[in-house]
Amino acid sequence: MEIAARIASAQLQGLARSRRQIVAGPLVGLLHDEEVWFLSGAVAADPGTPFDATEVPWAVETIRKAFAAEGRWLHVELIDEANPGLAEALAAEGMTIVSRPPLLVVEPGDLQLPEFPEDVTASVVTTAEEQDAANAVAADAYETTDTDAPFQPEPANGAAVLIRLDGVPVATASWTAVADGVTEIAGVGTLHSHQRRGFGALATAYATQQAFELGRATLAWLTPGDDGADRIYRRIGYQPKATAVHLGDPGGHLEDLR
């Protein structure tokens with residue numbers, strides 16, 4: 001439970017840097033000024049601390065109203081071992097448990113960077129134009145236009161990487177704001193035309209390496225989208241340490257969390 005609580009606490013600290021907070025009992029709603037759906041959400045307010053079940057109904061209602069007032073869809077990300085039973089309590093209030101993927105973790109000494117082919121290069125996004133290129137790759141990979149992550153000039157606040165084949169962007173990944181030495185690797189995506197060629201593994205490993213070197217992280221975590229991704233992440237050094245829980249409100253785009 002210790003590592004689960006550490007990760008959940010760091011996630012809250014990192015997200016709170018760039019979001020407005022609505023604290024309601026065992027939950028914290030985090031509203032980003034950008035209207036991209038995945039930038040706003042809710043997490044546990046006190047990771048590692050037992051919650052008061054009687055506070056859950058009004059907490060959910062309070063955050064629902066705050067999100068609805070700004071036209072945002074509410075989704076919640078939890079780490080099961082950090083707050084046992086909270087996901088089920090939220091489900092009892094009408095939220096839907098969308099998935100329970102394993103939470104995989106790696107430290108700098110365990111990361112295994114794959115060998116790069118001669119015609120493949122990797123770089124950290126350093127301009128808004130490069131961020132646009134990364135967003136375009138993600139949009140193709142996820143088949144949606146709702147992937148416009150903002151450019152982050154300070155690595156400690158998160159950043160993205162681009163994998164290029166003969167100079168053309170084909171894959172991307174990013175790391176989130178570093179807190180307590182912890183960061184999440186997210187947004188891993190490869191152009192449909194270039195999938196199953198190892199670019200996703202390269203993007204994930206390189207983003208993790210740069211999060212350690214530039215962001216000064218000492219622990220990185222992620223959640224695989226499927227069994228294939230899970231196997232790829234484990235090959236580059238990630239290992240399961242906890243369980244993530246993704247919840248959404250009915251009527252929202254639940255498929256976006258799968």
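Author: Start with α5 (199–213). This helix has 15 residues and spans 21 Å from its first C-alpha to its last, close to the 21 Å expected at 1.5 Å a residue. The expected span is 1.5 Å times one less than the number of residues. Helices (H or I, at least four residues) and strands (E, at least two) are DSSP runs, numbered from the N terminus.

A word on the source. This is a predicted model, in which local features need pLDDT of at least 70 and side-chain atom pairs count only at pLDDT 80 or more, while totals for chains, interfaces and linings use all residues. Residues are numbered from 1 along each chain as its sequence is written, and side-chain values use heavy atoms, with hydrogens and water left out.

Is α5 enclosed or open? It is largely enclosed by the rest of the structure, because 13 of its 15 residues are buried. Buried means under 20% relative accessible area, exposed over 50%, and partly exposed in between (1.4 Å probe, protein chains only).

Next, α6 (residues 227–235): Ala229, Asp230 and Tyr233 are buried there. Seen down the axis, the buried residues of α6 fall within an arc of 105 degrees, so they line one face of the helix. That arc is taken from the directions from the helix axis to the C-beta atoms. On the other side of α6, Asp227, Arg231 and Arg235 are exposed. The cover over the buried residues of α6 includes α5, along with β6 (102–106), β10 (182–190) and β11 (219–222). Contact here means heavy atoms within 4.5 Å.

Now the ends of α6. At its start, a side-chain oxygen of Asp226 comes within 3.1 Å of the backbone nitrogen of Gly228. After α6 comes Gly237, with a positive phi near 115 degrees.

Two strands pair if DSSP finds at least two bridges between them. Ile79 has Ala244 of β12 as its bridge partner. β4 is mostly covered, with 4 of its 5 residues buried. Gly248 lies in β12. Gly248 counts as buried, at 0% relative accessibility. The C-alpha atoms of Gly248 and Thr96 are 5.3 Å apart, though 152 residues separate them along the chain.

Definitions and conventions: A polar contact is a pair of N or O atoms within 3.5 Å; within protein, one must be able to donate a hydrogen and the other to accept it, and residues adjacent in sequence count only if both atoms are side-chain atoms.
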